[in-house]
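Visitor: Could you take me through the charged pairs and the helix packing here, one question at a time?

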Amino acid sequence: KISEELASLRQSMERQEYDKIEVLAHRIIDKDPKSEESIEAFGALAKRAMQQKKWDEALLYANSALEKDAHNLDLLMIAAQILHAQNKDNEAIEKLNQAIEHHSKSAEPKVIKSAILLSFLDVDRALEASKSAYDLSPNDCNVLIAYADALYAHHDFVDAVSYYEKADAKKCALTEQSIQYLAKLYEVHVQDPQKACVTYTRLVELAPDNAYYKASRDYQCGLK
């Protein structure tokens with residue numbers, strides 16, 4: 001059983017009732033800061049502070065929760081994302097490594113780790129992390145996109161196309177950057193003007209004012 005306050009907090013989080021989230025979370029913590037329910041309340045406050053980009057406050061709440069549950073996957077992921085937002089990527093990687101160590105069957109921390117490693121061009125380790133995530137969850141959209149991005153960065157262009165296409169076939173929501181990579185792969189490395197045309201058209205639909213997208217679409221589609 002859970003308290004009425006925690007039930008209400010979960011409901012408010014689902015409904016994105018931000019003022020209620022803060023009130024209910026503080027009420028739970030004030031009632032018993034050492035309780036199991038306070039861990040979830042601290043996590044809720046951390047997420048709320050992240051939404052407001054109050055990174056120091058968010059990290060304080062996340063660490064308060066981790067003091068009570070050091071191996072909690074959700075909390076480790078929250079802390080890693082906060083640290084990444086603060087450009088403390090080495091510390092973020094440490095949190096993700098803890099998550100990977102204690103939750104070896106979870107692909108999510110490996111996906112985030114791969115993205116962070118790519119951001120500072122540690123391509124080999126990024127590919128290793130994303131491949132490990134793929135081995136765990138080959139049908140997960142985030143995993144497919146992360147693996148394709150890492151393959152692209154590693155210059156494994158044919159394989160990158162394959163995994164982007166797998167993600168597309170599953171109706172995964174590719175990021176704009178991933179669609180850029182796919183367009184470039186079709187244009188340069190696979191040399192398939194028809195698919196390049198379709199992909200640059202997608203980019204134009206995403207960013208109608210982007211002159212580069214328009215020029216590339218027109219060229220690949222044979223438009224005047």
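Visitor: With which residue does Arg15 form a salt bridge?
Guide: A salt bridge is counted when a side-chain nitrogen of Lys or Arg lies within 4 Å of a carboxyl oxygen of Asp or Glu. For Arg15 the closest N and O atoms of the pair are 4.0 Å apart, and the partner is Glu17. This is a predicted model, in which local features need pLDDT of at least 70 and side-chain atom pairs count only at pLDDT 80 or more, while totals for chains, interfaces and linings use all residues. Residues are numbered from 1 along each chain as its sequence is written, and side-chain values use heavy atoms, with hydrogens and water left out. The partner asked for is Glu17.

Visitor: Is Arg15 buried or exposed?
Guide: Buried means under 20% relative accessible area, exposed over 50%, and partly exposed in between, computed with a 1.4 Å probe on protein chains only. Because its relative accessible area is 52%, Arg15 is exposed.

Visitor: Which helices hold Arg48 and Glu22?
Guide: Arg48 forms a salt bridge with Glu22, with the closest N and O atoms 3.3 Å apart. Helices (H or I, at least four residues) are DSSP runs numbered from the N terminus. The pair links distant parts of the chain, 26 residues apart, with Arg48 in helix 3 (residues 36-51) and Glu22 in helix 2 (residues 18-31).

Visitor: How many residues apart in sequence are Asp168 and Arg202?
Guide: These two form a salt bridge whose closest N and O atoms are 2.7 Å apart. Asp168 lies in helix 10 (residues 157-169) and Arg202 in helix 12 (residues 193-206), so the parts tied together are separated by 34 residues.

Visitor: What is the orientation of helix 10 to helix 11?
Guide: Helix 10 and helix 11 (residues 176-189) pack at an angle of about 130°, with their axes 10 Å apart; axes are lines fitted to C-alpha atoms over the stretch in contact, and angles run from 0 to 180 degrees between N-to-C directions. Angles under 35 degrees count as roughly parallel, over 145 as roughly antiparallel, 65 to 115 as roughly perpendicular and the rest as oblique. Helix 10 is therefore, relative to helix 11, oblique.

Visitor: How many salt bridges are there by this rule?
Guide: Among the residues involved, Arg15, Glu17 and Lys20 are joined into one network by salt bridges that share partners. The count of salt bridges comes to 11.

Technical notes:
Helix = DSSP H or I, 4+ residues; strand = E, 2+ residues; numbered from the N terminus.
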